[in-house]
Each structure stands twice: as C-alpha cells, then as structure tokens.
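This briefing covers aromatic contacts and a nonpolar surface patch. Keep the structure open alongside it.

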Amino acid sequence: MNTDKIYAESIAKEYAPKSTSKIVALKKLDKKAKRKANIFAYSFGIITALILGTGMCLSMNVIGSGTFLTVFGVIIGIIGIIGVSVNFPIYKKMIESGKKKYAFEIMQLAKEISDEAE
C-alpha cells in the first residue's frame, strides 16, 4: 500500500469543493430549531444566577452591612431563586415551539434521506 498516495488523497479532499448533503442540511435545521431556546436559557440563567449571588452577598453582609441591606439581599436572592427555578420550564416551552416551527421541514428532509438509503 502506498502511503504517499493515501496522504496526497487526504490533502486533496480538504481542498476539494464541498457539496452540501442532506444530512448537513438536516443538522442545520435541527440547530436552527433549538438556537433561540439555547441562547435564552444560557443568558437568562447567567443573569438570574448573578442576581441570586448578589442577593446572597448582600444578605450575608459580604457587600455592605446593616439590617436594610440584609433584608434587601434576601429579597434580591428570592428574585434570583425564582428566576433560576423558572429557567428550565421556559426553555422546554421554547424548544417545543422551535420544534413545531421547523417540524415539517425536518420531517420532509428526514423522509427524503431515509428513502434514498433504501
């Protein structure tokens, strides 16, 4: 077996024009259906976790001191806990709506791929 030939062919594949296959299109559609939900979940989760952490720091007197800041920190912490708690249910609803939006296209493309495989 000629290893130089195999090596040359593998390099040539890298520079050859790529044709978009239906599998790649299906993966892109799947990512597109989930993108908004993922962006929202990460952003909302980070923001509410920071709010929760700020509330904890205020309530434990790490930031400032006094009764007012402690009470204010507890209130901010509760808001953060609520935000973190509702993040996953909101994410699931957004995933469902994204899947419903692109379901027809994905199912049609998946059927075409499965028909070609037979």
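A patch is built from residues with over 30% relative accessible area and no salt bridge, and nonpolar side chains are joined within 5 Å. The model is predicted. In this model, Ile47, Ile51, Val71, Ile75 and Ile79 make up a nonpolar patch on the surface.

**Nonpolar patch**
- Two elements each give two or more residues to the patch: helix H2 (22–59) and H3.
- H3 supplies the largest share, with three residues.
- Val71 sits in helix H3.
- Val71 has 46% relative accessibility, so this residue counts as partly exposed.

**Aromatic pairs**
- Searching the whole structure gives three aromatic pairs.
- Phe68 and Phe72 form one that is stacked.
- Their ring centres are 6.1 Å apart, with 10° between the planes.
- The stacked label follows because planes under 30 degrees apart count as stacked.

**Placement and exposure of the Phe pair**
- Both Phe68 and Phe72 belong to helix H3 (residues 67–117).
- They are four residues apart, about one turn of the helix.
- Is Phe68 buried or exposed? Phe68 counts as exposed because its relative accessibility is 65%, and the cut-off for exposed is over 50%.
- Phe72 has a relative accessible area of 37%, so Phe72 is partly exposed.

**H3 in brief**
- Helix H3 holds the Phe68 and Phe72 pair.
- H3 also gives three residues to the nonpolar patch.

Notes
Residues are numbered from 1 along each chain as its sequence is written. This is a predicted model: local features need pLDDT of at least 70, side-chain atom pairs count only at pLDDT 80 or more; totals for chains, interfaces and linings use all residues. Side-chain values use heavy atoms; hydrogens and water are left out. Rings of Phe, Tyr and Trp (its six-membered ring) pair if their centres lie within 6.5 Å; planes under 30 degrees apart count as stacked, over 60 as edge-to-face and the rest as tilted. Buried means under 20% relative accessible area, exposed over 50%, partly exposed in between (1.4 Å probe, protein chains only). Patches are made of residues with over 30% relative accessible area and no salt bridge: like charges are joined within 9 Å, nonpolar side chains (Val, Leu, Ile, Met, Phe, Trp, Tyr) within 5 Å. Accessible areas come from the Shrake-Rupley method with a 1.4 Å probe; for residues, only the protein chains shown count as cover. A salt bridge is a side-chain nitrogen of Lys or Arg within 4 Å of a carboxyl oxygen of Asp or Glu.
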